Amino acid sequence: MKSNALLSLLSDREIHSGESLAQKLGVSRTAVWKHIRKAIADGTDIRTIRGQGYQLVSALDLLDRDIILGQLNASVRERIQFAVLDEVDSTNAEVARLLTSAPLPVVLSDCQTSGRGRRGRNWASPKGQNLYLSLGLSIKGGFSALDGLSLALGVAVANAIEQVGGGEVGLKWPNDLFAQGQKFGGILVEIQGELQEGCVQVIAGIGINVHMTQAEDVDQPWTSLDKRWPDQAWVRNQLAAGMITHILAAVTEFEAGGFRQFRERWQRRDIFSGLPLVTREGELKGLGGGIDETGNYLLKTAEGEIPVRAGDISLRVSE
């Protein structure tokens, strides 16, 4: 029995007896009870009423594969192999497993047990609250054509969020999404290898905090779409469809002209622009000067502009 099937029955917020739920789902009352306990442990607020049954208290925003596909253009639906999972170790890892058999796998999961961010950091992935989306892409042009890809994807995701109803989204070099100084999303691009005819396989993973209200393991200021823009009704299915559409359009544009055509769009969102910056190791200091045509970040120093590569150095605002 899938947890979403049970939650769907409870979504009317009426009281449902364990017996009626068991009959509708074709399982035992014990199985219903176990799934109720698991849903509560995952953060869903379900009230147990002695002698009557169960009642959902918290709002639900369930992922639905058919709804998401229905919001995609036919041309997009035909390009992708789409899966929506209840739980997975990481959506990037699942896409890696599918790459050998699917031309363009797209995986969305309600929960990740081993979500990862940049430099192998843990990515908080509570169930039913956020978006964890990965795509397997084949980029034409070889490894040299990948410069700036993660930044171009950042522009695409920011556009998708703003189109759904968010305000201005900021981008932190090289791969984070910010709102009013707090992080709410990130992008992880992993290169899998080069194929014939100069195509490179890439996995792009995107994590967006949508409804999250607590994150004890996060060690930096963070927010979510709900917290930052509470007047907007954020629906994960709608947001996922928008992100897939914008990302695939950006990849097509990126293949045709590289990162150069995304440069100005990225720099308009640069949260580092003009700020005093220092590398994590403290070796370089300067003012944020935007990015060059290959996606390196530029530090304005007394010796001139110094390019910083994403794979080598992390930047932070100096104190």
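User: OK, two strands pair if DSSP finds at least two bridges between them. In strand 9, what is the bridge partner of Gly136?

Analyst: Ile203 is the partner of Gly136 there. Heads up: this is a predicted model, where local features need pLDDT of at least 70 and side-chain atom pairs pLDDT 80 or more, while totals for chains, interfaces and linings use all residues. Residues count from 1 along each chain as its sequence is written, and side-chain values use heavy atoms, leaving out hydrogens and water.

User: How many bridges join strand 5 to strand 9?

Analyst: There are 10, between residues 131-140 of strand 5 and residues 199-208 of strand 9, and the two run antiparallel.

User: And in what order do the seven strands of the open sheet come?

Analyst: The order is 3-4-5-9-8-7-6, with mixed pairing. Strand 3 (81-85) and strand 6 (170-172) sit at the edges with a single partner strand each, so one side of each has no neighbour in the sheet. On average, neighbouring strands here are turned by 20° against each other, direction ignored.

User: Which strands does helix 9 touch?

Analyst: Helix 9 (residues 236-257) packs on the sheet and touches strand 3, strand 4, strand 5 and strand 9. Contact means heavy atoms within 4.5 Å. The direction of helix 9 makes about 15° with that of strand 5 (axes are fitted to C-alpha atoms, for helices over the stretch in contact, with N-to-C angles from 0 to 180 degrees).

User: What about helix 6, which strands does it lie across?

Analyst: Helix 6 (residues 91-98) lies across strand 3, strand 4 (105-109), strand 5, strand 8 (182-194) and strand 9. Helix 6 runs at about 150° to strand 4.

User: New topic: how many residues are between strand 1 and strand 2 in their hairpin?

Analyst: Three, and Gly51 in the turn has a positive phi of about 80°. Strand 1 (residues 46-49) pairs with strand 2 (residues 53-56) over four bridges, in the antiparallel sense. Arg47, for instance, has Gln55 in strand 2 as its bridge partner.

User: At what angle do the axes of helix 1 and helix 2 cross?

Analyst: Roughly 125°, and the axes of helix 1 (residues 3-10) and helix 2 (residues 18-25) come within 11 Å. Ala5, Leu6, Leu9 and Leu10 of helix 1 meet Leu21, Lys24 and Leu25 of helix 2.

User: Last one: how many helices and strands are in the protein chain?

Analyst: The protein chain has 10 helices and 14 strands, taken as DSSP runs numbered from the N terminus (helices are H or I, at least four residues; strands are E, at least two). Its C-alpha atoms fill a box of roughly 75 × 50 × 30 Å along the principal axes.
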